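Reader: I'm new to this one, so please pick a single part and walk me through it slowly. I'd like to hear about helix packing.

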Amino acid sequence: PQNKLAFSGTMLLPTFPAEYESFASLLENVRSYIDTYLELPTDYLMIASYYVILSWVYDCFETIPYLRARGEYGTGKSRILKVIGSLCYRPCFAGGSSTVSPIFRLIDLYGGMTLVLDEADFRFSGPDAEIIKILNTGDSKGTPVLRTEGDRVRVPTAYITYGPKVIATRKEFEDLALESRCLTNYMMPKTRRDIPLHLPKNFDRVTKDIRNQLLMFRLKHYGEYEVDEKDVIEGVEPRINQVLLPLFA
C-alpha cells in the first residue's frame, strides 16, 4: 500500500532476507538484543524472545497470545514496546489515543502485522467496549470485524484483526477475558546500571539486521510448526493453554 506508514517509521519492515547460523543462534541474537536495552526477569526475557520469533510465523497457528507490560510511570513500559516491538513481524506503533477505526483497517490492509499499542489504559476496558471486543477476537482466526462500507452502495465488509500484539498498560483490563490472552510482565524500576537511558544511534540498524534474519526464518520454516496437545499444562484453564501452545511450538 502506498501510504506513509512505512516511510515515517510507524511500521517497520525488513529489507532483505539475511542468513543466520541456526535457530539457537537466532534466538540468542534476539535474547541478547532485548537484554541489552531492557531489565527483565530471566523467565520473561525468554518468553519475550520466543514471542518475537513466533510473531514471524503467527499465521501458521489458529490462536496467538499477546505480550503485555504493566507498570507505573517510569518503569520502562514504552521502552519494552520499542525494543521488543521493533523486532516483531511488521510492527505498527500506535498510542492509546488511537481510535478503533484505523486499527482494524490497518491490520487487514497489510495482510497481518504486529500491533504495538502504548498507553492502552482505555477509559472503558470492560467486555462491552469496542476496542476490547476487537482485541478479544484478534487473538484467533475466523473472527473478523464486520462493517458496512460505502456511501451510495452499502457493502458488508470483513476486516481481519488476527495477529500478534504488544501492549503496555498501567492497570489491569476490566475484562478478564482479555487479561487471559496476555502474557504479562509487571514492570519494576530498573536496578542495572548498564542499560542506556537513550537508545544508541545504531539501534535502528541493529534491529533491521535482526529483522532481516527473522525474515529468512519465516521463509525457511513457514508452515513447519504446529501445536502439540501433549504440551498442555495440567491444572491450567483451557484459555491459557490455548494461547500458550503456539509459543511452546
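Author: Let's start with a term: a crossing is left-handed if the near helix is turned anticlockwise from the far one by less than a right angle, and right-handed if clockwise. Helices here are DSSP runs of H or I with at least four residues, numbered from the N terminus. The model is a predicted one, where local features need pLDDT of at least 70 and side-chain atom pairs pLDDT 80 or more, while totals for chains, interfaces and linings use all residues. Residue numbers start from 1 along each chain as its sequence is written, and side-chain values use heavy atoms, leaving out hydrogens and water.

Now look at H2, residues 23-37, which packs against H3, residues 42-55. The angle is about 120° and the axes are 9 Å apart (axes are lines fitted to C-alpha atoms over the stretch in contact, with angles from 0 to 180 degrees between N-to-C directions). That makes H2 and H3 oblique, therefore (under 35 degrees is roughly parallel, over 145 roughly antiparallel, 65 to 115 roughly perpendicular, the rest oblique). H2 passes H3 in a right-handed crossing. Where they touch (heavy atoms within 4.5 Å), H2 brings residues including Phe23, Leu27, Val30 and Arg31, and H3 brings Leu45, Met46 and Tyr50 among them. By class, this contact has ten nonpolar, one polar and two charged residues.

H2 also packs with H8, residues 203-221, at about 155°, with the axes 11 Å apart. H2 and H8 are therefore roughly antiparallel, and H2 passes H8 in a left-handed crossing. Phe23, Leu26 and Tyr33 are among the H2 residues here, with Phe203, Ile210 and Phe217 among those of H8. This contact splits into ten nonpolar, three polar and no charged residues (Ala, Val, Leu, Ile, Met, Phe, Trp, Tyr, Cys and Pro count as nonpolar, Asp, Glu, Lys and Arg as charged, the others, Gly among them, as polar).

Terms used:
Helix = DSSP H or I, 4+ residues; strand = E, 2+ residues; numbered from the N terminus.
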